[in-house]
Amino acid sequence: MKLGVFVSDFKLTADTLDRLKADKLGIIFVQNGVYHATTKENGKVSSLLDKTANLYALSEDIQIRGLKETDVDKRVKVVNYGDVVDLIFNEYDKIAWL
Amino acid sequence: MGDVKLAFIVQRPQYKGETSRLAITHAIAYQTVEILLEDGDTVTPKLCFVGEGVLGLQKGQKAMDLYGITSTESHMKNTLLVDLDVLVCKEDLAKYGIPEDAMPDAEDMGADKKIQVVPFSEIQKVIEDSKHVLFF
Amino acid sequence: MATLTIGCFPGLVGNMTYDFALKLAEAAANKGHKVNLWFSGNATGSIKSHQKHLKDYSTGEKYLKALLEKGVEICTCEACTVARGIQKTEGIEKIQWNAMHWYLAKIHSSDRVLQIGGE
């Protein structure tokens, strides 16, 4: 199963995400989820960044919050809405919004 | 196209928000979807409760008496009555101290189907076996 | 080209998840994909016509009309909509009204489904 997961909150979704297993897991950070990619809590980066190598963050949702692409962890690829559409259709066979 | 299997995963508790209830009513709608599909096409959801989603499923709910709305318990009974598979995560019931026999049934309405309390691994399998997964 | 069905439950006003759903629908339609958009829960309040666009709030009407022009099929849950006091005559033209089975029927023929819950 190739599963693409949208993470839209900073705090709430790790529990469910911890339990999901996929042959290929992608995490797309959107809305407040982008803080996982940009923000350290007490000096530590989000543990979600260790879950998979397929990490994405939505450019529009980074910029709206006054953040810059340079604030994004190097492991995370910054994408736009068009890129998200391509991820949905080309990289994953199921998608989920947590 | 035949049958399309869906995994409905409810991860939020009932009553404060509407999403977890809408998961149940959308799943029940499988019963009438054939009127919009070609002959032989069907949709089969499996309704799974995980995490905080297992909260608010217990028997003895008084939603109609106190707030004038249909209880989750009543929705669950209807779900069983229309032969939907309902899976509740065993580990999460244990985590919140909810006994398995607190789950409602619809025997009084004549339903044979019962809620299945299963390990999360079985819910993971439902997710894998379904064409689409919908989190509520 | 493929088919994407989006189930959108959050309301137009109060958070920006609704905006995400519409922008994703637009991006998919712009790439030539078939897009279906199902509104349930608080999202159904967004199908009322004559919305005033105040700059502190997202606006749905202009966006929805543009999506309809691009061929996106949009349907609102009738029960959820009338429960919010909106009658069919008050709705934005060309937005469909139907029961929850519309969503399941669209899912049946979809390549991908994104269900966006309301909380």
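1. A quick definition before we start: a residue counts as buried if 20 or more other C-beta atoms lie within 10 Å of its own, and as exposed if 12 or fewer do. Keep in mind, too, that this is a predicted model.

2. Start with helix 5 of chain B, which covers residues 120-129. Which of its residues are buried? They are B:Ile123, B:Val126 and B:Ile127. Looking down the axis of helix 5 of chain B, you'll find these buried residues within an arc of 100°, so they line one face of the helix.

3. Now turn to the face of helix 5 of chain B that points away from the buried side: B:Ser121 and B:Asp129 sit there, and they are exposed.

4. What do the buried residues of helix 5 of chain B pack against? The partners, in chain B as well, are strand 1 (3-10), strand 2 (42-49), strand 3 (85-89), strand 4 (116-118) and strand 5 (132-135).

5. Over in chain C, have a look at helix 4 (residues 101-108), which is mostly covered, with 8 of its 8 residues buried. Among them are C:His101, C:Trp102, C:Lys106 and C:His108.

6. Chains B and C also touch, and the contact takes 22 residues from chain B and 19 residues from chain C. On the chain B side, strand 1, helix 1 (19-28) and strand 5 each supply at least two residues. Helix 1 of chain B gives the most to that side, with 4 residues. Sorted by class, the side of chain B that touches chain C has 13 nonpolar, 6 polar and 3 charged residues.

Definitions and conventions: Residues numbered from 1 in each chain as written. Chains lettered and ligands numbered in written order. Predicted model: local features only at pLDDT ≥ 70, side-chain atom pairs only at ≥ 80, totals over all residues. Arc of directions from axis to C-beta. Contact = placed C-beta atoms within 7 Å. Nonpolar A, V, L, I, M, F, W, Y, C, P; charged D, E, K, R; others polar.
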